[in-house]
Amino acid sequence: MKKILIILSLLMTFVLGCAKTVKTFEINVEPGTKVPNFELKDFSAAKTPVRKIFNNGKPTLFIVAAEWCPDCHMELPDVQKFYEENKDNVNVVVVFTNKKSSLLNAKKYVETQKFTFPVYYDFDGSISKGFKITEVPTNVKINKSVIEDFQKGTMQIDGLNKMFERSEERRVGK
């Protein structure tokens with residue numbers, strides 16, 4: 001019996017020691033909240049620290065979406081248009097959730113739609129958990145690592161432009 005307990009405790013120690021630790025964060029998604037630093041992973045799992053994007057002098061449109069989502073199918077073509085018209089003044093980041101999805105399906109969707117905005121994948125669900133995503137699409141305006149706006153549901157090009165008008169007016173000194 002002692003041997004079995006020793007073997008089980010060694011096995012548990014080994015399993016727990018080898019477990020992959022997921023770096024998690026949770027933020028209050030209200031305007032004025034500072035976003036902690038975390039890493040985005042593109043479809044190839046290459047990492048980008050968000051501080052590099054959020055603190056580059058341009059506001060950021062941060063979207064959590066899914067390729068299976070009908071509302072995302074409506075919104076993302078407008079996001080593409082917004083990106084093409086504003087990429088010099090606004091960062092656009094689209095993160096595809098891993099809920100009810102796979103990396104392969106997200107890749108196929110982006111390729112089929114010929115989206116050129118920067119895309120990332122939430123491999124471990126930590127971004128969805130951290131931003132308390134309960135529905136997709138979710139649109140977040142982040143400026144200098146601070147949340148300025150948080151919108152659940154579909155946005156069209158007019159709404160995206162309106163969301164960023166004030167930032168542009170401040171940037172050019174109007």
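Start by selecting Val 94 and everything it touches. Leaving aside neighbours within four places in sequence, Val 94 is in contact with Ile 63, Ala 65, Leu 76, Val 79, Phe 117, Pro 118, Val 119 and Tyr 120, where contact means heavy atoms within 4.5 Å. Val 94 is in strand β4 (residues 91-96); helices (H or I, at least four residues) and strands (E, at least two) are DSSP runs, numbered from the N terminus. Is Val 94 buried or exposed? It is buried, because its relative accessible area is 0%, and buried means under 20%, exposed over 50%, and partly exposed in between, with a 1.4 Å probe and protein chains only. Now put a distance on Val 94 and Tyr 121: 27 residues apart in sequence, they are 8.4 Å apart, C-alpha to C-alpha.

A word on what you are looking at: this is a predicted model, where local features need pLDDT of at least 70, side-chain atom pairs count only at pLDDT 80 or more, and totals for chains, interfaces and linings use all residues. Residues are numbered from 1 along each chain as its sequence is written, and side-chain values use heavy atoms, with hydrogens and water left out.

**Along to Val 119**

Next, pick Val 119, one of the contacts of Val 94. Val 119 sits in strand β5 (residues 119-121). Val 119 has a relative accessible area of 15%, so this residue is buried. Leaving aside neighbours within four places in sequence, the contacts of Val 119 are Asp 42, Phe 43, Val 94, Phe 96 and Val 110.

**The core**

Select Leu 40, Phe 62, Leu 76, Val 94, Phe 96 and Phe 131 together. These have the most contacts inside the largest nonpolar core, which has 49 residues. A nonpolar core here is a set of buried Ala, Val, Leu, Ile, Met, Phe, Trp, Tyr and Cys residues joined through side-chain atoms within 4.5 Å. In soluble globular proteins, nonpolar side chains tend to be buried together. For a closer look, stay on Leu 76: beyond its neighbours within four places in sequence, Leu 76 is in contact with Ala 65, Val 94, Phe 96, Tyr 109, Phe 115 and Phe 117.

**Zoom out**

Switch to cartoon view. You'll count six helices and seven strands, in the order α-β-β-α-β-α-β-α-β-α-β-β-α along the sequence. The protein has 174 residues, and 43% of them count as buried. Among contacts with a separation of 6 or more, 69% are between residues 24 or more positions apart.

Show the second largest pocket, with about 160 Å³ of space. Its lining is Val 64, Trp 68, Thr 97, Lys 99, Lys 100, Ser 128, Ile 133, Thr 134, Glu 135 and Val 136. On a 1 Å grid over the protein atoms alone, a pocket is an open set of points where a 1.4 Å probe fits, with protein on both sides within 12 Å along at least five of seven lines; lining residues have an atom within 4 Å of a point. Grid points are joined across faces, edges and corners, and the volume is the space filled by probe spheres set on the points. Colour the lining by class and you get four nonpolar, three polar and three charged residues (Ala, Val, Leu, Ile, Met, Phe, Trp, Tyr, Cys and Pro are nonpolar, Asp, Glu, Lys and Arg charged, and the others, Gly among them, polar).

From Val 136 in that lining, step on to Pro 137: the two are joined by a cis peptide bond, with omega about 0°. Pro 137 is in the loop between α5 (126-130) and β6.

**Last stop: the β6-β7 loop**

Select Lys 144, in the loop between β6 and β7. Phi of Lys 144 is near 55°, a positive value in a residue other than glycine. At a relative accessible area of 60%, Lys 144 is exposed.

Ser 145 lies in the loop between β6 (138-143) and β7 (146-152), and counts as buried because its relative accessibility is 0%. Which side chain does the side chain of Ser 145 make a polar contact with? That of Asn 55, at 3.0 Å. A polar contact is a pair of N or O atoms within 3.5 Å; within protein, one must be able to donate a hydrogen and the other to accept it, and residues adjacent in sequence count only if both atoms are side-chain atoms.
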